[in-house]
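Dear colleague,

I am handing over the structure shown below.

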Amino acid sequence: MKLLALDTATENISVAIYKDGEEFFKSNLAPQKHAELILPMIDDLLKEALVDKNELDGIVLCVGPGSFTGVRVATSTAQGLALALDLKIAPVTSLEALALEALSKNENAPYVVSSIDARMNELYLAVYKNDNGNVKLIDSEVVLPYSECAKKLMDLGIDLDSCALAGTGIEYLKKEGLFNGVEPSVLYPNARFILKEGKQKFESGDALDPSLALPLYVRNEVTWKKVSDQ
């Protein structure tokens, strides 16, 4: 199986390729250059992996939440490629991507807290349980003000001191009195860490037609929304 993964949901731009058990990846922290860099990065990585785009079996897409512009860039790029190549898309959220990478660096952590700065004094937030190396969402993925994020975490009744941490939002949770002295294992989502989840979705038949692979903005008409409601 040969898969291409894309993520531009935050300041980081990343692409990855799964090729019959091998992984190839590129990452570039380049705010506001998503549209300019994503296609050249894809072309370069295809050449490095010795994969022709017509050999791809599918695309794995980080659908957000994150920067509205960034999320749209990755989504439109993935949809365009999928339509041109007659491929399906496996969607993975940016919060899950963060959790997967954090767990790879903290294998014994029972939970992962993923949080991305959503601006407007709010955070995107999710908690995942370590499910034998995979991640299982606890409750829901939300966008909330800083203080409400802290309350939500405390109300879950888990040992927050044992959690692995991921994302730019952790900085603001620390200001609310949580996770003092502990730094996040990763700040930005990376396409490399959604390859495995994407591959599982293709194998289980859960990949989508391009028209159904839509961006997850979370903040839409109201400021308190579940990702799953979008």
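UniProt lists residues 29-171 as "domain: Gcp-like", in an unreviewed entry; its positions are given in the numbering used here, feature names are shortened, and annotations may be inferred rather than shown by experiment. Over residues 29-171 the chain is 41% helix and 29% strand, with the end C-alpha atoms 19 Å apart. Helices (H or I, at least four residues) and strands (E, at least two) are DSSP runs, numbered from the N terminus.

This is a predicted model, in which local features need pLDDT of at least 70, side-chain atom pairs count only at pLDDT 80 or more, and totals for chains, interfaces and linings use all residues. Residues are numbered from 1 along each chain as its sequence is written, and side-chain values use heavy atoms, with hydrogens and water left out.

Strand β4 (residues 58-62) is mostly covered, as five of its five residues are buried. Buried means under 20% relative accessible area, exposed over 50%, and partly exposed in between (1.4 Å probe, protein chains only). In a regular strand, side chains alternate between the two faces of the sheet. In β4, G58, V60 and C62 lie on one side and I59 and L61 on the other, and both faces are covered.

Four bridges join β4 to β1 (residues 2-7), with L61 as the bridge partner of L6. Four bridges also join β4 to β5 (residues 89-92), where V60 stands opposite A90.

Helix α2 (residues 68-85) forms a right-handed β-α-β unit with β4 and β5; right-handed means that, with the strands pointing away from the viewer, the path from the first strand over the helix to the second runs clockwise. The buried residues of α2, including G70, V73 and L81, pack against β1, α1, β4 and β5. Contact here means heavy atoms within 4.5 Å. Just after α2, D86 takes a positive phi of about 55 degrees.

Finally, H34 is found in helix α1 (residues 34-49) and is buried, with a relative accessible area of 7%. Its side chain reaches the backbone oxygen of T10 at 2.6 Å. Not counting residues up to four places away in sequence, H34 touches T8, T10, E11, I13, G70 and V73. Of these, G70 and V73 are among the buried residues of α2.

Yours sincerely

Technical notes: A polar contact is a pair of N or O atoms within 3.5 Å; within protein, one must be able to donate a hydrogen and the other to accept it, and residues adjacent in sequence count only if both atoms are side-chain atoms. Two strands pair if DSSP finds at least two bridges between them.
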